[in-house]
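Thanks for coming, everyone. Please have a look at the sequence and the model on the screen.

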Amino acid sequence: MRALLKKQYHFSDYQIGQLEYLFKTIFSEISKLAIFAVIFRRELGLYCFAVSIMCILRSVTGGLHCKTYITCLLSSFIYLYLCIALLPQFYINKFFQLIILFFCMIAVYLVGPVTSVYRLPLPQKTVQKVRASSFLLIFFYLIAVYILPESPYMAAGFWVVVLHTLQLAAAKQKKKGVVI
């Protein structure tokens, strides 16, 4: 395949490496989502809701990155299990949820984005756009929590935002070289 890409399409080794990384990443993410869909099949709607919020936040602000597929699979499972099954068991009234979401909104704005070490640093203009986007995303979720009735979906989404904020702060410290 490499030879074909080089000969017929004049791709460089670097371009071929980028394509390999892209397909490896896509396969990795799709396989994890499928495995988790099977694991959380009894709460499939809740799983899809939580993953949607998680993917939106992570695509905007980044976060912790694991070096191997298995550690990523395990840490993602723990994250989702906490958000879907365990943490929603602890009731937090709406008023305190709003306060916590407000602090998450501020924290994500100040801390984010945290990109992978394999990516180039973002230009300052992009950083400002990402920060504004993440601020608005959490603000809209805060408004949704205020308006909508309490439900397992809203609880799971709340915990996704909280855990995302915590892991983003941990990723920032890790990137700075601070041991957590």
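Let's begin with the core. The largest nonpolar core holds 37 residues. Leu80, Val160 and Val161 have the most contacts inside it. By nonpolar core I mean a set of buried Ala, Val, Leu, Ile, Met, Phe, Trp, Tyr and Cys residues joined through side-chain atoms within 4.5 Å. Buried means under 20% relative accessible area, exposed means over 50%, and partly exposed is in between, with a 1.4 Å probe and protein chains only.

Two housekeeping points. This is a predicted model: local features need pLDDT of at least 70, side-chain atom pairs count only at pLDDT 80 or more, and totals for chains, interfaces and linings use all residues. Residues are numbered from 1 along each chain as its sequence is written, and side-chain values use heavy atoms, with hydrogens and water left out.

Helices here are DSSP runs of H or I, at least four residues, strands are runs of E, at least two, and both are numbered from the N terminus. In general, nonpolar side chains tend to be buried together in soluble globular proteins.

Take valine 161. Not counting residues up to four places away in sequence, valine 161 touches Ile53, Leu57, Leu101, Cys104, Ile138 and Tyr141. Contact means heavy atoms within 4.5 Å.

Now the whole chain. The secondary structure comes to seven helices and zero strands. Along its principal axes, the C-alpha trace spans about 60 × 40 × 30 Å. There are 180 residues, and 34% of them count as buried. Consider contacts with a separation of 6 or more: residues 24 or more positions apart account for 76% of them.

Helix 4 has 18 residues. Its first and last C-alpha atoms are 24 Å apart, close to the 26 Å expected at 1.5 Å a residue. The expected span is 1.5 Å times one less than the number of residues. In helix 4, the buried residues are Cys72, Leu73, Ser76, Tyr79, Leu80, Cys83 and Ile84. The buried residues of helix 4 pack against helix 2 (13-39), helix 3 and helix 7.

Helix 2 has 27 residues and should span 39 Å; its end C-alpha atoms are 39 Å apart, which agrees. Which residues of helix 2 are buried? Ile16, Ser28, Ser31, Lys32 and Phe36. They pack against helix 1 (2-9), helix 3 and helix 4.

On to the rings. How many aromatic pairs does a search of the whole structure find? Ten. Rings of Phe, Tyr and Trp (its six-membered ring) pair if their centres lie within 6.5 Å; planes under 30 degrees apart count as stacked, over 60 as edge-to-face and the rest as tilted. Phenylalanine 40 and tyrosine 47 are a stacked pair, 5.8 Å centre to centre with 15° between the planes. Both phenylalanine 40 and tyrosine 47 are buried. Phenylalanine 139 and phenylalanine 140 have ring centres 6.0 Å apart and planes at 55°, so this pair is tilted. Phenylalanine 139 is partly exposed, at 32% relative accessible area. Phenylalanine 140 counts as exposed, at 51%.

There is also a cluster: ring pairs link Phe36, Phe40, Tyr47, Phe77 and Tyr81. Tyrosine 47 lies in helix 3. Its relative accessible area is 4%. Leaving aside neighbours within four places in sequence, tyrosine 47 is in contact with Leu33, Phe36, Ala37, Phe40, Leu80 and Ile84. The C-alpha atoms of tyrosine 47 and tyrosine 81 are separated by 9.3 Å, and the two are 34 residues apart along the chain.

Alanine 171 is found in helix 7. Alanine 171 and leucine 64 are 107 residues apart in sequence, yet 4.8 Å apart in space, C-alpha to C-alpha. Alanine 171 is buried, with a relative accessible area of 4%.

Last, a backbone detail. Most peptide bonds are trans. Here, a cis peptide bond joins glycine 112 and proline 113, with omega about -10°. Proline 113 sits in the loop between helix 5 and helix 6.
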